[in-house]
Amino acid sequence: RLPRSARIYTGKVDLKSALEASSNPYFALLAGDYLKNPQELLTAASDLSFGRKTLIDLPGEIAGYLPQDIFYNKTGLYSFAIGQHTLVTTPLQAAVMLAAIANKGHILQPRILKAVYDNTHKIKQEILPKIKNRIFLPGPIRQMILQGMDLVVSGEKGNARVNAIKKFWGRPEQSKAYTAMAHQFVGKTSTAELMYNPDILPSATACLYKDTWFGAIAFDPASTRWEKPELVVVIFLKFGDSGTEAAPLAAQIVQKFRQLKEQNKI
C-alpha cells in the first residue's frame, strides 16, 4: 500500500490538483512508476540544494541526507517522493528550492546581509544576488507548479485554504486579511513524521510525532502575476498536526515584510 493513501474524495488528479490536495499517491507513483531510474529523483533533489550545505555564512550548518537505498527499496522510493523515508533536510534548503522556482531556475547563495541607507532612506549600494547555478525549468512547467501552489492557498480543496485553518474559526478579521492575500502568495503544506521518545525512562518506547512545514513564495501584487517574486518564507513547527497550521504564520510574515517596506520606503 502506498504511504498515506487512505484519504477519500481526492478523485482524479493531475499535477496541479495533486499539489492542491497534497496527494501522496500521485507523487509516489510519479517517482516509482514514471521515472526510468530513481537516480533522476536524487539528481533533481541535489540540484535543488538538498543533501548538501547551502554555504550560508553561519556556523553549524548541516548538509542533510538523501536516501541511498531507493534503487532496490520501492517502498523507500515511494516515501522519499513525498519527503519521508530517511530524507533529512533543513528549512534553509527548502527556501533555496522555493527561491529557484520563484526565480525561474536560478539557485541562489543564501547570505546574511545588512543594508546601509543614506539620508533619503535609499540603499547606498545595491545588493545583488549571488547565483550558484541554474537548473532546467521551462516556463510552462514553472507555471504549472505555481498554479498548483496557488490552489493550495486559494483552491476549493487546498490544504491551506481559509476554511481549512482552525485558527481562523470565529476570527473573521484574521480570516478576511488572509483571504485578501489570495493569489499574492502561493505555498505548500508538509508534514514530516518521526519516532521520538520524550521520556527519560529507559523502558519507555518512542512514539510517532509530526513536524509541520509551510513553504511560501510571495509576489509583488503590483506586478504581472508571478513575474516579480518578493519573498520566500519557510515555517517549521515542532510537534504539530499538519502544515495547515503554519500557513497563517507565513502570511503574517509576508504582511509584516510589506509593512516594513512601506515604512522604510524601499
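This is a predicted model: local features need pLDDT of at least 70, side-chain atom pairs count only at pLDDT 80 or more; totals for chains, interfaces and linings use all residues.
1. The residues of α8 that are buried are A247, P248, A250, A251, V254 and R258. Viewed down the helix axis, these buried residues fall within an arc of 165°, so they line one face of α8. In an α-helix there are 3.6 residues a turn, so residues three or four places apart point the same way.

2. As for what lies over that face, the cover of the buried residues of α8 includes helix α7 (172-180) together with the strands β3 (185-196), β4 (207-219) and β5 (229-237). Just after the helix, K265 adopts a positive phi of about 55°.

3. Helix α6, residues 139-154, gives a similar check on length: its 16 residues should span 22 Å at 1.5 Å a residue, and the end C-alpha atoms are 22 Å apart, which agrees. Buried in α6 are R142, I145, L146, G148, M149, D150, V152 and V153, a list that holds the charged residues R142 and D150. The partners against which the buried residues of α6 pack are the helices α1 (15-21), α5 (91-102) and α7 and the strands β3 and β4.

4. Helix α5 has 12 residues and reaches 16 Å from its first C-alpha to its last, close to the 16 Å expected at 1.5 Å a residue. Its buried residues are Q93, A94, V96, L98, A99, A100, I101 and A102, and what covers them includes β1 (106-108), α6, β4 and β5. Just after α5, K104 takes a positive phi of about 60°.

5. The structure holds six aromatic pairs. One of them joins Y196 and Y209 in an edge-to-face arrangement, with 5.9 Å from centre to centre and 80° between the planes. Because Y196 belongs to strand β3 and Y209 to strand β4, this pair ties together parts that are 13 residues apart in sequence. Y196 counts as partly exposed at 36% relative accessibility, and Y209 likewise counts as partly exposed, at 26%.

6. Y196 also pairs with F239, here in a tilted arrangement with 5.3 Å between the centres and 40° between the planes. Since Y196 lies in strand β3 whereas F239 lies in the loop between β5 and α8, the pair ties together parts that are 43 residues apart in sequence. F239 counts as partly exposed, with 40% relative accessibility.

7. The last point concerns Q84, which is placed in the loop between α4 (74-80) and α5. At 16% relative accessibility Q84 counts as buried, the cut-off for that class being under 20%. A polar atom of the Q84 side chain lies 3.4 Å from the backbone nitrogen of E193. Neighbours within four places in sequence left aside, Q84 is in contact with S79, T191, A192 and E193.

Conventions
Residues are numbered from 1 along each chain as its sequence is written. Side-chain values use heavy atoms; hydrogens and water are left out. Buried means under 20% relative accessible area, exposed over 50%, partly exposed in between (1.4 Å probe, protein chains only). Helices (H or I, at least four residues) and strands (E, at least two) are DSSP runs, numbered from the N terminus. The arc is that of the directions from the helix axis to the C-beta atoms. Contact means heavy atoms within 4.5 Å. The expected span of a helix is 1.5 Å times one less than its number of residues. Rings of Phe, Tyr and Trp (its six-membered ring) pair if their centres lie within 6.5 Å; planes under 30 degrees apart count as stacked, over 60 as edge-to-face and the rest as tilted. A polar contact is a pair of N or O atoms within 3.5 Å; within protein, one must be able to donate a hydrogen and the other to accept it, and residues adjacent in sequence count only if both atoms are side-chain atoms.
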